Amino acid sequence: MARPPLNSCENMNHRRRDAPVSHCPQCGGVVNATLRQTQCDGAKHAVAVRQHRAFCVDCGTQLINSR
Ligand SMILES: [Zn+2]
Ligand SMILES: [Zn+2]
């Protein structure tokens, strides 16, 4: 009965084999490990926060603390 919380994220990037981003913006999980890690700076993360992304799609850093 108890489902593992692993696939609780509904972001469509998890179902794509060629996701355009390396990390999921909703859970921060890796969706495409073949993409190169990008060096992020604060400005880039600020833009992501404005787009209401909980996680950075490039480095997987948590941007918004979900309570
Ligand atoms: Zn996800
Ligand atoms: Zn980042």
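**C59 and its surroundings**

Mentor: Start with C59, which counts as partly exposed because it has 15 C-beta neighbours inside 10 Å. Bear in mind that this is a predicted model.

Trainee: Where is C59 placed relative to α1?
Mentor: C59 lies in the segment after α1.

Trainee: And which residues is C59 in contact with, leaving aside neighbours within four places in sequence?
Mentor: Those are H23, Q37, T38 and C40.

Trainee: Ok, core next. Which residues make up the largest nonpolar core?
Mentor: That core has eight residues: A19, C24, C27, V31, A48, F55, C56 and V57.

Trainee: How much of the chain counts as buried?
Mentor: 18% of the 67 residues.

Trainee: Switching topic: how many helices and strands are there?
Mentor: One helix and zero strands in the protein chain. The helix, α1, spans 42–50, and H52 is in the segment after α1.

Trainee: What about the phi of H52?
Mentor: H52 has a positive phi of about 60°, although it is not a glycine.

Trainee: Is H52 buried or exposed?
Mentor: H52 counts as exposed, because it has 9 C-beta neighbours inside 10 Å and the cut-off for exposed is 12 or fewer.

How values were computed:
Residues are numbered from 1 along each chain as its sequence is written. Chains are lettered from A and ligands numbered from 1 in the order in which they are written. This is a predicted model: local features need pLDDT of at least 70, side-chain atom pairs count only at pLDDT 80 or more; totals for chains, interfaces and linings use all residues. A nonpolar core is a set of buried Ala, Val, Leu, Ile, Met, Phe, Trp, Tyr and Cys residues joined through C-beta atoms within 7 Å. A residue is buried if 20 or more other C-beta atoms lie within 10 Å of its own, exposed if 12 or fewer, and partly exposed in between; C-beta atoms are placed from the backbone. Helices (H or I, at least four residues) and strands (E, at least two) are DSSP runs, numbered from the N terminus. Two residues are in contact if their C-beta atoms, placed from the backbone, lie within 7 Å.
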